[in-house]
Amino acid sequence: MLAGHLGLAGSLMSRRAFAQADKPNPFLKGGFAPVHDELDVAGLVVRGEVPREIAGTYLRNGPNPAYPPISYNYPFDGDGMVHAVTFADGKVGYRNRFVLTAGLRADRRAGRTIYGSLLRPITPDPRYVPPDGDPSRIKNVANTNVVSHAGRILAIYESDIPYELAPTLETKGRYDFAGKLQDGMTAHPKIDPASGEMLMFRYWFRPPFLAYRVVDKAGAIVRDVPIDTDASFMIHDFVFTRDHVVFFLCPAVFGDAGLSWQPERGTRIAVIRRDGTGDVRWFSDEAFFVFHFMNAHEADGRINVDYVQHGALFGGASPMLWRAVLDLATSSIRRTQLDDRIGEFPRVDPARAGSANRYGWLPVKAKGDDLGAFGAIARYDLQTGRSAVHEFGAGREVDEPVFVPRAGARSESDGWIMTYVYDRATDGSVLAILDAVDIEKPPIAEIVMPRRVPHGLHGNWLPA
Ligand SMILES: [Fe+2]
């Protein structure tokens with residue numbers, strides 16, 4: 001099912017690299033190459049000084065094939081591996097574990113991978129698939145995000161059942177919300193800081209193609225709202241506001257021939273009330289594609305949505321930060337480009353999710369960047385329209401930034417930004433800590449990882 005970052009890879013890689021993805025695969029080399037050891041290391045070396053008030057764990061997930069792949073299309077194939085960096089009393093420790101999915105257990109039984117890839121599925125050899133195993137042709141690798149809600153840590157693959165992890169990162173097993181989640185969930189659920197609810201959705205090949213769901217703050221699915229659409233749209237992410245959830249139905253459509261880009265459909269936007277009541281409000285525009293949203297909020301009958309816009313699912317205009325303003329009274333939409341830097345993986349202070357935020361952060365291209373790599377982090381000020389950039393220097397590649405609030409923070413962005421930084425020259429990684437607002441300053445600290453942490457996808461900060 002999952003087709004997650006297909007277009008992301010297509011947009012950020014050169015076409016040549018994508019075409020040659022299987023021979024030899026650039027996403028099995030350098031900063032993307034998998035690691036196979038599962039470490040538990042205390043007292044990491046720190047350059048600079050870690051603020052003692054930072055207490056908690058940064059969890060991050062990503063593709064990390066445990067066995068040489070038969071076919072590999074980064075980043076939607078590859079077993080999930082979660083990396084955890086824990087801060088306590090100014091000391092820092094590191095631990096990483098594979099997400100031990102049913103598919104990976106079958107692979108281990110066989111001593112090799114028995115699965116293909118999203119683009120080249122293989123029916124797994126039933127001799128190695130136990131009764132509780134993963135018989136599907138696409139392995140649920142649980143590699144895209146790792147979130148914590150209602151006391152559970154979930155490793156998630158797009159539109160599939162998540163796996164629950166213990167705080168030690170050991171895999172507890174599939175988690176189906178007490179039997180209420182039969183089909184799957186987005187890898188980008190949203191946690192409302194005001195209500196404690198987790199909002200999510202799933203798309204599917206059969207009607208209803210789209211369903212919106214609400215998990216209450218205690219972790220129970222309490223609302224399940226089918227949304228009537230005329231086709232199966234690939235939807236990777238969404239946004240919410242105080243009263244609404246917003247889905248961008250970009251024309252990446254699943255049909256008999258698989259996934260296709262159908263720009264003649266245009267992009268449609270569905271706005272529904274969070275409580276599931278009332279009619280869907282529809283907005284129409286020309287075709288574009290969105291993987292990731294920064295945030296959204298509503299005021300005076302308008303919904304502001306900040307997001308990274310791709311010109312198309314494959315190719316097209318490079319991903320950049322845009323804003324769409326949806327006028328609920330007139331059903332009209334106005335889009336404006338906010339920045340002309342190429343970037344992706346935008347994040348905000350999670351305390352501002354669903355409400356107006358002044359700041360947002362995203363990796364952006366720096367001079368000389370290669371393949372899917374980014375060399376800089378931009379801090380965007382939505383109030384002034386100005387941005388500041390921290391470039392990490394030649395040969396250094398960053399990942400998604402996460403915001404870490406200062407304990408007891410009263411104002412937005414009172415805290416730090418963390419991101420892994422891979423250094424091509426040393427083939428090593430650090431976890432860099434930047435001042436969240438004065439991002440251009442030298443890092444406050446760089447934590448030297450015991451060995452390279454491969455480039456990954458999404459993660460979150462868990463306060464102690
Ligand atoms: Fe994503």
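A residue counts as buried if 20 or more other C-beta atoms lie within 10 Å of its own, as exposed if 12 or fewer do, and as partly exposed in between, with C-beta atoms placed from the backbone. Keep that scale in mind for the stops below.

This is a predicted model: local features need pLDDT of at least 70, side-chain atom pairs count only at pLDDT 80 or more, and totals for chains, interfaces and linings use all residues. Residues are numbered from 1 along each chain as its sequence is written.

**Stop 1: A142**

Select A142. With 32 other C-beta atoms within 10 Å, A142 is buried. Its phi is near 50 degrees, a positive value in a residue other than glycine. Most residues other than glycine have a negative phi, and most peptide bonds are trans. A142 sits in the loop between α3 (102-110) and β6 (145-149). Helices (H or I, at least four residues) and strands (E, at least two) are DSSP runs, numbered from the N terminus.

**Stop 2: F345**

Go to F345. Here too phi is positive in a residue other than glycine, near 60 degrees. F345 belongs to the loop between β24 (332-337) and β25. It is buried, with 23 other C-beta atoms within 10 Å.

**Stop 3: strand β26**

Now select residues 376-381, which form strand β26. Why is β26 largely enclosed by the rest of the structure? Because five of its six residues are buried.

Next, show its partners. Two strands pair if DSSP finds at least two bridges between them. Strand β25 (residues 359-364) pairs with β26 in the antiparallel sense, over six bridges. Pick P363 and look across: I377 in β26 stands opposite.

Follow the chain through the hairpin of β26 and β27, where five residues lie between the strands. Stop at G385 in this hairpin, where phi is positive, near 80 degrees.

**Stop 4: two cis peptide bonds**

Select Y74 and P75. The peptide bond from Y74 to P75 is cis, with omega near 0 degrees. P75 lies in the loop that runs between β3 (56-63) and β4 (80-88).

Finish at P207 and P208. The bond joining P207 to P208 is also a cis peptide bond, and its omega is near -10 degrees. Look for P208 in the loop between β11 (198-203) and β12 (210-215).
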